[in-house]
Amino acid sequence: MLEEDLAEVHAVEKSANRFPWSIKNFSDSIDAGHYAWVYCDPYDVIIGFAIVQLVMDEAHLLNICVRPDLQGQGFGRRILEHIIDHAKSRSAALLILEVRRSNQRAQNLYQQFGFNEMTIRRGYYPAEQGREDAILMGLDISMLTVFGGL
């Protein structure tokens with residue numbers, strides 16, 4: 001993800017989320033040195049993106065998104081596979097993320113990859129009626145290496 005991608009990335013984010021990140025959030029992530037990728041179709045149109053912060057041996061998936069009209073076609077799965085492979089290549093032992101309690105579709109995807117619920121972060125996300133809880137989920141990447149997964 002480059003600065004010149006941010007308008008298109010932000011458009012994807014706004015189309016998929018009721019409470020989207022701002023362009024400044026994306027720019028700040030790039031400036032902070034977080035790993036940030038765009039995933040494009042054969043015509044270089046952005047279909048999704050991901051941002052990961054790596055601190056010591058922990059990778060934190062800060063944002064992952066697929067265009068709404070392309071969801072359910074396996075793109076999110078491929079993006080998540082890339083993130084896990086990247087975290088493994090950087091010797092991360094744990095990959096964590098927050099997901100809205102109401103986002104059952106995403107939770108199901110994460111569980112298929114072996115993520116487990118770690119805790120609840122009360123009132124973490126803005127919501128139509130106040131705040132919504134986040135489920136903190138984690139994937140023990142070191143166990144994937146031991147048992148030959150992903």
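Threonine 119 stands opposite leucine 136 in β6, a strand that covers residues 130-140 and is joined by eight bridges to β5, the two running antiparallel. The model is a predicted one, in which local features need pLDDT of at least 70 and side-chain atom pairs count only at pLDDT 80 or more, while totals for chains, interfaces and linings use all residues. Residues are numbered from 1 along each chain as its sequence is written, and side-chain values use heavy atoms, with hydrogens and water left out.

These two strands belong to an open sheet of six, ordered β1-β2-β3-β4-β6-β5 with mixed pairing; strands pair if DSSP finds at least two bridges between them, and helices (H or I, at least four residues) and strands (E, at least two) are DSSP runs numbered from the N terminus. At the edges lie β1 (35-40) and β5 (116-127), each of which pairs on one side only. Neighbouring strands are turned by 25 degrees against each other on average, direction ignored.

Helix α4 (residues 104-112) lies across β3 (58-66), β4 (94-100) and β6, and runs at about 160 degrees to β4, where axes are lines fitted to C-alpha atoms, for helices over the stretch in contact (heavy atoms within 4.5 Å), and angles run from 0 to 180 degrees between N-to-C directions.
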